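Colleague: I would like to learn how to read a helix and a pair of aromatic rings in a model, so please take me through both slowly.

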Amino acid sequence: MDHVAVLALFDRDMREGARPDAPGARVERVGEVVRLVGADKGWNGVLWSDLDETSADAAVAEQVRFFSGLGGGFEWKLYGHDRPEDLGQRLRAAGFVAEPEETLMIAELGDLALDVEPPEGVRLLPVTDRAGVDLVADVHEQAFGRDSTLLRHQLLAQLTGDADTVVAVVALAGDVPVSAARMELPPGARFAGLWGGGTVEGWRGRGIYRALVAHRARVAAERGYRYVQVDASSQSRPILARLGFQPLTTTTPYVYEG
């Protein structure tokens with residue numbers, strides 16, 4: 001993989017040329033900033049910017065004013081190659097709080113090892129309705145220890161309004177949900193995004209996460225996507241590397257609570 005070329009393509013396809021992520025959301029370009037304004041209870045944030053030392057502070061202040069005017073917080077999704085180099089420091093000075101850094105990992109689907117099945121006694125259940133969404137949200141609350149109200153609302157809105165743009169799956173041990181994940185399928189893009197792969201404690205280390213990655217990647221390939229991308233934690237990075245994903249840069253969520 002040509003890392004420089006694929007990263008540039010990712011920036012054009014998924015950040016500068018981003019599409020709304022749910023019914024009712026909108027993507028706006030304001031100067032050298034691309035932001036996503038979520039639908040009711042949806043995610044709000046800055047996806048891409050092309051700033052320098054002379055324009056960064058004003059652009060940050062403008063986004064703070066805009067999203068504060070909407071009455072809520074938002075996220076500035078900062079990548080390791082974004083400019084200026086001290087943009088993270090400028091965001092912190094403006095009141096943002098950095099969450100843990102992750103690694104942007106990308107794989108070309110033709111290069112992935114996809115002959116991975118769940119361990120014995122575990123089956124994968126496609127999510128198509130509210131009951132399935134509830135299972136995904138419950139697993140995520142157990143796996144990540146945080147509220148899943150936003151995820152529950154957005155995933156249900158996607159499945160109801162534009163089901164072709166999202167795939168969600170739950171891993172069941174018998175009838176007990178033990179892992180869950182989803183995949184975003186932006187129309188017209190070359191990248192499918194893998195999100196939210198989480199396994200409850202006690203079921204980790206058994207290959208369930210690998211099976212969920214392979215399952216979603218197979219679906220992406222069937223639907224004509226060329227690449228899959230993941231914002232990988234330190235725990236998932238080695239698993240993804242063994243499957244064929246490559247690290248291209250880092251990504252850090254900077255959150256402004258307002």
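**Reading a helix and its aromatic neighbours**

Modeller: The buried residues of helix 5 (149-161) pack against helix 4 (130-144), strand 8 (166-173) and strand 9 (176-184), where contact means heavy atoms within 4.5 Å, and helices (H or I, at least four residues) and strands (E, at least two) are DSSP runs numbered from the N terminus. This is a predicted model, in which local features need pLDDT of at least 70 and side-chain atom pairs count only at pLDDT 80 or more, while totals for chains, interfaces and linings use all residues. Residues are numbered from 1 along each chain as its sequence is written, and side-chain values use heavy atoms, with hydrogens and water left out.

Colleague: Which residues of helix 5 are buried?

Modeller: An α-helix has 3.6 residues a turn, so residues three or four places apart point the same way. In helix 5 the buried ones are Leu 151, Gln 154, Leu 155, Leu 156, Gln 158 and Leu 159, buried being under 20% relative accessible area, exposed over 50% and partly exposed in between (1.4 Å probe, protein chains only).

Colleague: How is an aromatic pair described?

Modeller: One gives the distance of the centres and the angle of the planes. Rings of Phe, Tyr and Trp (its six-membered ring) pair if their centres lie within 6.5 Å, and planes under 30 degrees apart count as stacked, over 60 as edge-to-face and the rest as tilted. The whole structure holds 9 aromatic pairs. Trp 76 and Phe 96 are edge-to-face, at 6.5 Å and 90 degrees, and both are buried. The ring centres of Phe 96 and Tyr 256 are 5.2 Å apart with planes at 55 degrees, so this pair is tilted.
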